[in-house]
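The sequence and the structure come first.

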Amino acid sequence: MTAIPLGVPRRLVEFTVDGQAARVPEGATILDACRAAGKDVPTLCQGDTLTPKNACRVCVVEVEGARTLVPACSRRAEAGMEVRTDTERARHSRKLVLELLASSVDLSTTPKAAEWIKEYEAKLDRFGPDAARLGEAPKVDNDLYVRDYDKCILCYKCVDACGDQWQNTFAISVTGRGFDARIAVEHDAPLTDSACVYCGNCIEVCPTGALSFKSEFDMRAAGTWDEAAQTETTTVCAYCGVGCNLTLHVQDNEIVKVTSPHDNPVTHGNLCIKGRFGYQHVQNRD
């Protein structure tokens, strides 16, 4: 029998979160520690398969001795650190961030956004009706997915997933500056004329619904989309021998979209065009 090397164990770091002792492996973030301790720290731009960009700033916490609030998603836990997640300063900052986001983008399909807005008593109309909004109609230029940039918070997750962190296609990036900054393909061309390979990995990481399956977009428009009525079944993709895991989202006996488990060692949530979008033959009843 061949021995399996166990590797060098990671040293544990000890510190406190809201007065409670916490221990996490060296290299873990404050957010990792907070979640391990059962602390609900909100976050939008953080993804468990991507390197944090510190873009949304909803996850800020207070660290003893630090001059400013720190983003929990990227700040590494340090020995002896004292972290406070629910101080008046942190809550005020999260409230302001939510008000700024809600004034400029549509958060209606952002998971948990409504709960956070209520929890932090954010006033969505604080900046008035003249607050800058993109006001752009959804881009429906292909049969697979829709780009609704009115819901985009510029978290960069789609750019990273399409770029050097996963797909290495580099079809999308950020264009413009300031209020003119937005996500776009090269030369702002239709998606069908871009370098996009339709893997859909950008949809997988989008936290707000700015990128969505065409099937989901159509069902939401028709008022028939109902996540509570959907079942999820994880299976293995049959297109090739890689062994990617697929999670089929089924409503009314129809597959409405396909995702992939982020903890799968083969895909880490990523798929190709066949795995993510090639499911129509399964329910072809002609």
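How many bridges pair β11 with strand β12 (residues 254-259), and in which sense, parallel or antiparallel? The two strands pair in the antiparallel sense over five bridges, where pairing requires that DSSP finds at least two bridges between the strands.

## Basis of the description

The model is predicted, so that local features need pLDDT of at least 70 and side-chain atom pairs count only at pLDDT 80 or more, while totals for chains, interfaces and linings use all residues. Residues are numbered from 1 along each chain as its sequence is written, and side-chain values use heavy atoms, with hydrogens and water left out.

## The chain as a whole

The chain has seven helices and 12 strands, taken as DSSP runs numbered from the N terminus (helices H or I, at least four residues; strands E, at least two). Its radius of gyration is 21 Å, which agrees with the value near 19 Å that a compact globule of 286 residues would have; the radius is taken over C-alpha atoms, and the globule rule is 2.2 Å times the number of residues to the power 0.38. Along the principal axes, the C-alpha trace spans about 70 × 65 × 40 Å.

Of the 286 residues, 47% count as buried, a term that means under 20% relative accessible area, with exposed over 50% and partly exposed in between (1.4 Å probe, protein chains only). Among contacts (heavy atoms within 4.5 Å) between residues at least 6 apart in sequence, 55% join residues at least 24 apart.

Strand β10 (residues 231-236) runs antiparallel to β11 and is joined to it by six bridges, with Val236 standing opposite Asn245.

## Asn245

Asn245 lies in β11 and counts as buried because its relative accessibility is 18%. Leaving aside residues up to four places away in sequence, Asn245 touches Thr234, Thr235, Val236, Thr259, Ser260, Pro261, Asn264, Thr267 and Leu271.
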